[in-house]
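Here is a walk through one protein chain, going from its overall build to single residues and the partners they meet. Please keep the sequence and the structure side by side while reading.

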Amino acid sequence: MNPTGFLVGRTALVTGAGRGIGMAVAKELASLGARVYLVGRTASRLYTLQDEIETAGGDAVAIPADVNDGDWIASLKAGSLEVDILVHTAAAFAPYGPLEQCADEDILTVINTNLVSALRLSAALLPNMKRRNYGMLLFLGSKAAALGAANQAAYAAAKSGLEGLAKSVVAENAFTGVNAHLIELGLIDTERTREAMTAKARETLCARTPAGRMGTPEEVAAAVKYLLSPDAGFLRGIT
C-alpha cells in the first residue's frame, strides 16, 4: 500500500467495514491516502482490518458501533469525528422467503439498517461537510430496487429509497461542495450473500446476469474509487 493518492488529507467513514464490500472499500480508500474510520458491530474483525491496513502503510481507526445506535449517531452530529467521505455499506437481509412470512421485527431491522441509518448518518455528517465545503456520500443500493426481489421484498423496498436520498442530498446542497451517489449493485459474492440466499437462488440470478457470475467486493471498491476521483468531478447525484 502506497498512501500517496488523491485522498491524502481526507477522512472516510466506512460502515459495514468488518467484512465483504465494506472491507474491500476500506482497503481501497486507505491505499489512496485517506484516513479510514472502520465502523461495524464485530470489534475483532475491525481491529484485524486496522492492523492489516496499518501494516501496509495506511491509516485506519476501528470504531465498533451499530449504525442503528442513536447515541452513536448523535455523537457524530456533535462533531466527534471530522468526516469528508461516507461510504455506507452496512446492510441487513430479512430471512429469505415470502413477505407474508417475515416478522415485523425483521422488516423493521431491514428498513432501519439499509435506509433509515443512511438518512440519519447523512443528517449527522452534512453540517460539518458543508462548513468545510467538501463532502461525499456514497450509498450502496441494489438492482433489487428496480427489478424487485422475490423473497426479499423488505430489502428491495429499503434499497429503493437510497436513490431518492442521494438525489435529494445533491438537490439540497448543489452549491456547497457536497455530493452524493448511489451504486446500484447486482449480486456480489460476499459471506452475507451466501448466508442469506440459497445456492439455487444465486444460480438463478447469475444466469440472468450478463457477466454470468457474481461480482466481487474488489470490483465494487473500484467503482467507489472512480466516483471519488477527480475523473468523476463533473458527476452529481448519479445512480
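Predicted model: local features only at pLDDT ≥ 70, side-chain atom pairs only at ≥ 80, totals over all residues.

## From the overall fold to single residues

Helix 3 is followed by G79, whose phi is positive, near 90°. The protein chain holds nine helices and six strands, and its C-alpha atoms fill a box of roughly 45 × 35 × 35 Å along the principal axes. For 239 residues a compact globule would have a radius of gyration near 18 Å, and the 17 Å of the protein chain agrees with this. Buried residues make up 48% of the 239 residues. Among the contacts with a separation of 6 or more, 73% are between residues 24 or more positions apart.

Helix 3 itself covers residues 70-77, and W72, I73 and L76 in this helix are buried. These residues lie on the same side of helix 3, because they cover an arc of only 95° around the axis. What, then, covers the buried residues of helix 3? The cover includes strand 1 (11-15), strand 2 (35-40), strand 3 (59-64) and helix 4 (104-132). At the start of helix 3, a side-chain oxygen of D69 comes to within 3.0 Å of the backbone nitrogen of D71.

The loop between strand 3 and helix 3 contains D66, which counts as partly exposed because its relative accessibility is 27%. A polar atom of the D66 side chain lies 2.8 Å from the backbone nitrogen of N68. Leaving aside neighbours within four places in sequence, D66 is in contact with R41 and W72, and W72 is one of the buried residues of helix 3. From D66 to T239 there are 173 residues in sequence and 26 Å in space, C-alpha to C-alpha.

Two further residues are buried, in other parts of the chain. N173 sits in the loop between helix 6 (153-172) and strand 6 (178-185), and at 1% relative accessibility it counts as buried. A polar atom of the N173 side chain lies 2.8 Å from the backbone oxygen of V169, while the contacts of N173, apart from neighbours within four places in sequence, are with L126, K130 and V178. A221, in helix 9 (residues 217-228), also has 1% relative accessibility and counts as buried. The C-alpha atoms of A221 and K27 are separated by 8.6 Å, although these residues are 194 residues apart along the chain. With neighbours within four places in sequence left aside, A221 is in contact with A24, V25 and E28.

Charged residues give another way through the structure. Side chains of opposite charge can pair when their charged atoms come close. How many salt bridges does the structure hold? There are eight, and one of them joins the side chains of R45 and E191, at 3.3 Å from N to O. This pair links distant parts of the chain, with R45 in helix 2 (residues 43-55) and E191 in helix 7 (residues 191-196), 146 residues apart. R45 counts as partly exposed at 31% relative accessibility, and E191 counts as partly exposed at 38%. R45 and E191 also belong to a network of salt bridges that includes R19.

Another salt bridge is formed by D84 and R132, whose closest N and O atoms are 3.3 Å apart. D84 lies in the loop between helix 3 and strand 4 (85-88) and R132 lies in helix 4, so the pair ties together parts that are 48 residues apart in sequence. D84 is buried, with a relative accessible area of 7%, whereas R132 is partly exposed, with 28%.

R202, in helix 8 (residues 199-207), is buried yet has no salt bridge, and D189, the nearest side chain of opposite charge, is 6.2 Å away. A polar atom of the R202 side chain does, however, lie 3.5 Å from the backbone oxygen of R194. Not counting residues up to four places away in sequence, R202 touches L187, T193, R194, M197 and M214.

Key
Residues numbered from 1 in each chain as written. Heavy atoms only, no water. Buried < 20%, exposed > 50% of the residue type's maximum accessible area, 1.4 Å probe, protein only. Helix = DSSP H or I, 4+ residues; strand = E, 2+ residues; numbered from the N terminus. Arc of directions from axis to C-beta. Contact = heavy atoms within 4.5 Å. Polar contact = N/O pair within 3.5 Å; in protein donor to acceptor, adjacent residues only side chain to side chain. Lys, Arg positive; Asp, Glu negative; His and termini not counted. Salt bridge = Lys/Arg side-chain N within 4 Å of Asp/Glu carboxyl O. Rg over C-alpha atoms; globule rule 2.2 N^0.38 Å.
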